[in-house]
Amino acid sequence: MDQRTRLLEAALYAAPRPLALDELGILDAEATEDDWKKALAELKEHYETGGHGVELVELAHGWQILTLPLFAEAIERAAFAARPAKLSAAALEVLALVAYRQPVGRAEIEEIRGVSCGGVLRMLQERGLLEVAGRSEGLGRPILYATTPQFLELMGLADLSDLPRTEELAVALRPPQTEP
Amino acid sequence: MTTPAGALNAAANGGFVVSLERYTGPLDLLLSLIRQEEIDIWDIPIARIADQFLLAIHALGLDEAAEYLEMAARLLRIKAQMLLPRRGDEEPWEDPRHELVRRLLEYQQIREVVDWLTAAARRRADRYSRGYLPQLPDQPPPPLELDLRELMEAVERVLAMMPDPVIFRVMPRPLDLEGANRRILSLLAEHATFGWRELLGERASIADVLSALVSLLELARRGQLTIVQPRAFTPFEIGRGPAYQAA
């Protein structure tokens with residue numbers, strides 16, 4: 001690996017979160033975005049072919065070094081690291097809705113789910129998975145919510161386009177059949 | 001998702017009813033009823049499903065939850081609309097179930113995204129990132145610059161904010177240092193060593209204990225006595241110090 005790839009590896013190792021391509025530019029002003037892309041590809045290849053316990057993963061608009069799933073159980077058994085707390089079904093429903101409809105207000109979420117969700121929204125904000133993305137122009141200027149990079153991190157997504165497209169889901173929203 | 005059948009049986013047998021968050025809402029319950037009955041979502045037998053919904057929310061103890069009641073009312077209204085005779089073929093008939101089906105499908109789609117997200121989160125949880133999260137050092141507070149007058153003013157402002165300041169009157173209770181001194185010296189004259197218990201005697205008051213302690217430390221400072229703890233956790237022994245002079 002050349003010097004830049006090794007610098008990349010060191011930076012990714014030191015950072016407690018995924019690093020985005022444009023952040024890498026701060027490391028070395030002389031390197032272009034393409035240089036970093038090359039370095040990322042080289043490092044990814046290095047981990048994949050060299051027999052390592054970690055790999056380079058594209059996550060939350062950035063890149064992060066993560067352990068291989070193969071070792072998850074052993075690491076958890078030894079209590080060296082903890083998995084994040086599981087979310088309730090209600091919390092996942094709200095996240096799913098916001099992920100697809102953001103920015104979206106509480107009224108729309110409640111309309112679709114058929115239940116109130118103030119508590120769930122607050123909890124998701126406290127966990128940093130949702131954030132206020134502004135206010136609607138509508139009556140009362142209700143608060144609009146959006147997902148955060150931490151949401152992408154928790155779900156292991158590089159960005160929102162990794163979510164399945166609605167037409168790929170088993171039940172796509174079809175107009176009801178016309179009467180026979 | 002568990003079926004409500006178990007809960008129904010439990011209620012019928014007079015058993016306990018679990019109304020925990022088994023369903024995330026009325027749509028969730030309705031969908032699971034539809035799935036359980038293997039009903040075609042495009043042709044819901046609304047009378048049957050409305051009755052079952054009412055039974056289920058009663059069995060689950062949800063019949064006081066506004067959201068479930070609202071759905072129950074909606075189902076009953078659709079049921080009534082279905083019973084109305086249709087007019088001639090010229091006028092297009094709008095199926096009163098249409099809106100419900102649209103909502104159910106929309107909700108079903110959300111459930112599928114939830115399943116997808118659950119699987120994605122599980123895969124992600126199998127990969128650990130480095131656990132170390134550095135604590136950013138707190139900025140040291142700027143040096144405090146204020147004089148006594150400002151401090152007193154601040155105190156008064158704080159006191160003024162308190163609705164009814166609780167003020168304790170502290171009763172002065174002087175320590176009898178001289179008496180304690182005399183007692184220690186007389187004990188030293190009688191015994192080469194003695195213990196804390198002998199010094200205090202029975203039923204010592206707090207003032208006695210404090211007086212004895214202060215005198216003891218003061219006499220030790222002057223070198224008139226030594227305080228030695230022979231071993232860990234044993235009571236300490238008080239003995240004559242290098243500067244001890246018999247009274």
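**Exercise 1.** State how many helices and strands chain A has, and give their order.

*Solution.* Chain A contains 8 helices and 5 strands, where helices (H or I, at least four residues) and strands (E, at least two) are DSSP runs numbered from the N terminus. Along the sequence, their pattern is α-α-α-β-β-α-α-β-α-α-β-β-α. The model is predicted: local features need pLDDT of at least 70, side-chain atom pairs count only at pLDDT 80 or more, and totals for chains, interfaces and linings use all residues. Residues are numbered from 1 along each chain as its sequence is written, while chains are lettered from A and ligands numbered from 1 in the order in which they are written.

**Exercise 2.** Determine which residues of α3(A) are buried and where they lie around the axis.

*Solution.* A residue is buried if 20 or more other C-beta atoms lie within 10 Å of its own, exposed if 12 or fewer, and partly exposed in between, with C-beta atoms placed from the backbone. The buried residues of α3(A) are A:Trp36, A:Ala39 and A:Leu43. They lie on the same side of α3(A), because they cover an arc of only 60° around the axis, taken from the directions from the helix axis to the C-beta atoms. An α-helix has 3.6 residues a turn, so residues three or four places apart point the same way. The face turned away from the buried side carries the exposed residues A:Asp34, A:Lys37, A:Ala41, A:Glu48 and A:Thr49.
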